[in-house]
Amino acid sequence: MNNDTTPSCQVSDIYQCARCGFCCHGETTVSLDERDQERMIKALGLSREETSTRYWRVTGSVVQMQVRDGHCIFFDAEIGCTVHEGRPWRCRQWPLHPSMLADENNYRTITESCPGFKKGLNYDEFCRIFKALLEQGAAGKFGG
Ligand code: SF4
Ligand code: SF4
């Protein structure tokens, strides 16, 4: 039996971020819930108003990050995410989304868009490791 100090699986058994930046590109970003907003404000050390003005795109009740040159305003080609500690939960979760366990098509779609997944792993083996990681409480600690 394993204990907390000797986990049976590691995130690197299925995935390691290649820092390609693909998931930070696009004309929109993930949306930020209230906790995301508070975490980002704290990480930036700015007021809510200043954070919003400088970094957010607010449409009604939807808060997203601004986009610059086709990518999230916090993405830097050299550094990657420049607000790493304050990034939204959806960024933290990506690319190990639990929907991949429910449907192999989701697994294929996500692994085709993210080069960080370990090559040569079959779907059953991936699911076995991913489930073990979730049971170990590693969810939300994956983000690249
Ligand atoms: S999570 Fe995947 S798509 Fe995003 S930067 Fe890392 S390797 Fe690239
Ligand atoms: S907050 Fe960071 S991880 Fe999320 S999209 Fe922006 S640059 Fe990428």
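## The buried face of helix H6

In helix H6 of this predicted model, the residues Phe 126, Phe 130 and Leu 133 are buried, a term for residues that have 20 or more other C-beta atoms within 10 Å of their own, whereas exposed residues have 12 or fewer and partly exposed ones lie in between, with C-beta atoms placed from the backbone. Seen down the axis of H6, these buried residues fall within an arc of 55 degrees, so they line one face of the helix, the arc being that of the directions from the helix axis to the C-beta atoms. An α-helix has 3.6 residues a turn, so residues three or four places apart point the same way.

On the other side of H6, Asp 124 and Glu 135 are exposed.

## Length and end of H6

Helix H6 covers residues 123–135, 13 residues in total, and spans 18 Å from its first C-alpha to its last, close to the 18 Å expected at 1.5 Å a residue, where the expected span is 1.5 Å times one less than the number of residues. Just after H6, Gly 137 adopts a positive phi of about 80 degrees.

## The chain as a whole

The chain holds six helices and six strands, which are DSSP runs numbered from the N terminus, helices being H or I with at least four residues and strands E with at least two. Of the 144 residues in the chain, 21% are buried.

## How to read the model

Residues are numbered from 1 along each chain as its sequence is written, while chains are lettered from A and ligands numbered from 1 in the order in which they are written. Because this is a predicted model, local features need pLDDT of at least 70 and side-chain atom pairs count only at pLDDT 80 or more, whereas totals for chains, interfaces and linings use all residues.
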